[in-house]
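Biologist: Hello! Could you put the model up, so that we can go through it together?

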Amino acid sequence: MKAFIREFKEFIAKGNVMSMAVGIIVGSAFTAIVTSLNQDIITPLLGLILGQIDFTSLSITVGNASIAYGNFIQAVITFLITALTLFLILKAFNRFTAKKKEAEEKKTEEPAPVPEDIQLLTEIRDLLKKE
């Protein structure tokens with residue numbers, strides 16, 4: 001039991017757990033943004049384009065059971081819209097980070113110009129070595 005508690009303490013103390021907790025919190029906040037983008041902007045625009053298609057009322061009654069396959073279709077459409085939205089957001093984010101990375105690489109690739117006085121001292125040193 002003591003070994004278990006010690007292992008648990010080590011697990012909790014690791015930075016990975018804290019990073020994961022922060023990721024979950026930021027992820028849930030990001031979910032609210034994506035949901036709002038879908039429900040408040042993209043879905044109404046698609047409704048205008050497609051003529052307010054709503055599948056939720058579609059169902060089949062078999063005996064006493066009602067199979068609401070329209071809800072499933074609507075859920076699939078919502079999933080596809082959400083996936084497309086996330087794809088576009090991540091694509092824009094990746095493009096931004098790629099440009100930032102390229103700018104940083106250019107900075108590191110170009111060596112700083114050597115000041116003129118240092119160049120002269122280097123030449124004098126090289127001449128003295130030859131003698």
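Biologist: Which side chain does Asp126 meet in a salt bridge?

Modeller: Good place to begin, and please keep in mind that this is a predicted model. Side chains of opposite charge can pair when their charged atoms come close. The rule asks for a side-chain nitrogen within 4 Å of a carboxyl oxygen, and here the N to O distance is 3.2 Å. The partner of Asp126 is Arg125.

Biologist: How many salt bridges does the count come to?

Modeller: The salt bridge between Asp126 and Arg125 meets the rule. By this rule the count comes to 1.

Biologist: Let's turn to the pocket. Which helix gives the largest share of the lining of the largest pocket?

Modeller: The largest pocket has a volume of about 350 Å³ and is lined by 14 residues. Helix 2 and helix 3 each supply at least two residues of that lining. With 6 residues, the largest share comes from helix 2.

Biologist: How many residues of that lining are charged?

Modeller: Thr43, Ile53, Gln74, Ile77 and Ile81 are the lining residues nearest the centre of the largest pocket. Sorted by type, the lining has 6 nonpolar and 7 polar residues. The number of charged ones is 1.

Biologist: How far are the C-alpha atoms of Lys2 and Thr122 separated?

Modeller: Lys2 belongs to helix 1, residues 2–13, and is exposed at 75% relative accessible area. Along the chain, Lys2 and Thr122 are 120 residues apart. Their C-alpha atoms are separated by 66 Å.

Biologist: And what separates the C-alpha atoms of Lys106 and Ala83?

Modeller: Lys106 is found in helix 3, and its relative accessible area of 54% makes it exposed. Lys106 and Ala83 are 23 residues apart along the chain. The separation of their C-alpha atoms is 34 Å.

Key
Residues are numbered from 1 along each chain as its sequence is written. This is a predicted model: local features need pLDDT of at least 70, side-chain atom pairs count only at pLDDT 80 or more; totals for chains, interfaces and linings use all residues. Side-chain values use heavy atoms; hydrogens and water are left out. Helices (H or I, at least four residues) and strands (E, at least two) are DSSP runs, numbered from the N terminus. Buried means under 20% relative accessible area, exposed over 50%, partly exposed in between (1.4 Å probe, protein chains only). On a 1 Å grid over the protein atoms alone, a cavity is a set of points where a 1.4 Å probe fits but cannot get out, and a pocket is an open set with protein on both sides within 12 Å along at least five of seven lines; lining residues have an atom within 4 Å of a point. Grid points are joined across faces, edges and corners, and a volume is the space filled by probe spheres set on the points. Ala, Val, Leu, Ile, Met, Phe, Trp, Tyr, Cys and Pro count as nonpolar, Asp, Glu, Lys and Arg as charged, and the others, Gly among them, as polar.
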